[in-house]
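Here is a short report on one protein model. Look at the structure first, then read on.

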Amino acid sequence: MGLLQEKEGWEQVVPTLQPINSPAILAHWRPLVFLWDKLSLEQRGAINQLELEPGLQKPAPIPAIHVQGSNVTEKVPPEVSGFDSHFHPDRLNELSSGVQDVSKSILPGREPDHYVPITGGVLNYCDPLNFSHPEFEEQVLGRIIDSNSKLAIGIHPKQAAEYMQGQWECFLKLLSNPRVSAISEVGFDFTVKKHLWRHQKELMDRILSLGTLGRILVMHLRGADDGKYSKVVNRLALRRLKRECLPHQRVHLHCFTSDVSMVHAWNEAFPHCYFGITGKVRSFNEDQLAALREIPLNRLLLETDSPHLKLHPGCTYNTPYYLGDVGYYVARARGVPLAEIIGATYTNAQRLYC
Ligand SMILES: [Zn+2]
């Protein structure tokens, strides 16, 4: 810092962070990290491209961060980008602003281990309180101009006993908007008290009775045995969908955690059924890993479900920025390169949603 002060002719003081008393402090790593964090990805890229002053040497590249317990460093070519097939902008907005743009990086604590640029995603609004807001249509639907950002609207099963008739009507109105691609989240969440389950069955029947109007059904199927295979709720939903929907119904099984038998059952009943994998993959047991390997590559989707399911202990919440890290665990489980998973899931999401 002394040399910098001398070179630039700044006042000779001992630079301190508190208070900041010299521009020389900009050479300290703390202000640099602070400023770097404020830059967009494009700005960071532009800095990386800057030519050095003659006579100076380029610093050695920072070594890649390794995932604990692994010595595999996965690189994704710059032309490969990711699609986050399931996240919640309304919930993210409560934690951080400006998440309508899926490609915008939001860093709630640390860099991802496996950075992948995100160029598309499905924005899920399944809290009636948020989508029945009078300005929702204008603020959300009106602003989605990017053809790679898709909208999914619905009433989460956990809200089945609470939603109001007015909110149901709002949901119906939004469904008639061609910008809404999917109904989300439909299904069962039996982690709530047993006496509430019947409301979830009634809500699902009510939704299915509409006919799905060509929309994708995003299924939330979480059994009372959460962490296991949720087979009871998978079977219940499968039976209802077989009864109410045509076999060519497009289905997106959000946060799939079940076993091989359920991969086969869904695939056989609905050839256009896709399996969304979240960060829960990190704690999959052997049966769940076998199911993950059984999913046809052209039916696999990646999801962050952000801000839920945070991946790193150092983060305050999850964001679509960590999609590459979810992809890494999927790639490792299937024994294929990360780029293959990112590329395939992007293509699959385009086929399903776009
Ligand atoms: Zn979700």
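## T257 and its contacts

Leaving aside neighbours within four places in sequence, T257 is in contact with Y229, S230, K280 and Q288. This is a predicted model. T257 sits in the loop between β6 (251–254) and α10.

Is T257 buried or exposed? T257 has 25 C-beta neighbours inside 10 Å. A residue needs 20 or more to be buried, so T257 counts as buried. Now take R222. In sequence, T257 and R222 are 35 residues apart. In space, their C-alpha atoms are 8.7 Å apart.

## Helix α9

Helix α9 covers residues 231–244 and has 14 residues. From its first C-alpha to its last, α9 reaches 20 Å. That is close to the 20 Å expected at 1.5 Å a residue.

Which residues of α9 are buried? They are V233, N234, A237, L238 and L241. These residues lie on the same side of α9, because they cover an arc of only 130 degrees around the axis. On the other side of α9, R239 and R243 are exposed.

What covers the buried residues of α9? The cover includes two strands, β4 (180–189) and β5 (216–222). It also includes helix α10 (260–269).

## The whole protein

The protein has 13 helices and 8 strands. It has 354 residues, and buried residues make up 38% of them.

Now consider contacts between residues at least 6 apart in sequence. Of these, 72% join residues at least 24 apart.

Technical notes. Residues numbered from 1 in each chain as written. Predicted model: local features only at pLDDT ≥ 70, side-chain atom pairs only at ≥ 80, totals over all residues. Helix = DSSP H or I, 4+ residues; strand = E, 2+ residues; numbered from the N terminus. Buried ≥ 20, exposed ≤ 12 C-beta atoms within 10 Å, placed from the backbone. Contact = placed C-beta atoms within 7 Å. Expected span 1.5 Å × (residues − 1). Arc of directions from axis to C-beta.
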